[in-house]
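Morning, everyone. Today I want to talk about disulfides. Please have a look at the structure first.

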Amino acid sequence: MRHSSILLAFSVLCMTQCSSLSIEECANNDWFSLGLADGNRGANAGQLNQYQKDCSEFNLSVDTALWKQGYLQGLTNYCQPENGYRIGLAGQSYYGVCSSNEFVERYNQGHQQYQINERMADIVERLNAIDREISSIDGKLNNLTDKASLLKQKNNLLNEKQQLLDERYRLRRPDIRFEFKY
């Protein structure tokens with residue numbers, strides 16, 4: 001009896017994992033509001049196909065007209081140029097749903113700044129690690145007689161640190177243009 005209960009619970013869990021909308025959501029959804037939310041977050045219009053697939057599993061339909069109406073209104077909010085910069089700066093993905101070139105330009109500007117910020121954070125993290133390694137080497141140098149290899153290691157770390165500091169300085173200068181290739 002215990003095994004059949006576990007099997008039943010597992011089956012129900014698997015069925016709920018296969019669908020993003022439940023039967024209750026398909027039957028009682030405010031399709032306009034869902035479309036509005038999807039548009040406001042810049043979701044791909046293909047999301048509607050997933051809803052249709054989910055609800056067809058329960059022999060229910062989606063009010064596509066209401067969803068599209070809400071989605072288009074949401075996209076109007078989402079596709080504002082200042083929102084593009086904010087989304088890019090946050091490192092969020094853009095799914096090509098806006099027809100505004102201004103939005104795309106601002107998104108790209110924000111995304112470039114995001115990449116610079118990420119690289120700056122990586123540099124700071126590596127600089128901290130280098131400082132910890134140098135301190136460790138200094139501690140070992142005080143306790144060892146064979147200092148040559150440790151001094152070489154320390155010099156390599158100091159050189160890498162200087163290169164990172166130089167790169168961080170260049171990244172902070174606003175008059176320098178960076179081109180990122182993918």
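Here is a question to start: is the disulfide of Cys79 and Cys98 left-handed or right-handed? The torsion about its S-S bond is about -85°, so this disulfide is left-handed. Keep in mind that this is a predicted model.

Now the placement of that pair. Cys79 sits in the loop between α5 (64-78) and α6 (81-89). Cys98 sits in the loop between α6 and α7 (101-143). The two are 19 residues apart, and the bond links distant parts of the chain. From S to S we have 2.0 Å.

Buried or exposed? Cys79 has 15% relative accessibility, and the limit for buried is under 20%, so Cys79 counts as buried. Cys98 is buried too, with a relative accessible area of 9%.

Next, how many disulfides are there? The count comes to 2. Cys26 and Cys55 form a disulfide as well, with their sulfur atoms 2.1 Å apart. Cys26 lies in helix α2 (residues 23-28), and Cys55 lies in helix α4 (residues 47-56), so this pair ties together parts that are 29 residues apart in sequence.

What about handedness here? The torsion about the S-S bond of Cys26 and Cys55 is about -90°, so this disulfide is left-handed.

On accessibility, Cys26 comes in at 3% and counts as buried. Cys55 comes in at 0% and also counts as buried.

Count the bonded cysteines along the chain, and the pattern is 1-2, 3-4.

That's it from me. Thanks.

Terms used:
Residues are numbered from 1 along each chain as its sequence is written. This is a predicted model: local features need pLDDT of at least 70, side-chain atom pairs count only at pLDDT 80 or more; totals for chains, interfaces and linings use all residues. Side-chain values use heavy atoms; hydrogens and water are left out. A disulfide is a pair of cysteine sulfur atoms within 2.5 Å. Helices (H or I, at least four residues) and strands (E, at least two) are DSSP runs, numbered from the N terminus. Buried means under 20% relative accessible area, exposed over 50%, partly exposed in between (1.4 Å probe, protein chains only).
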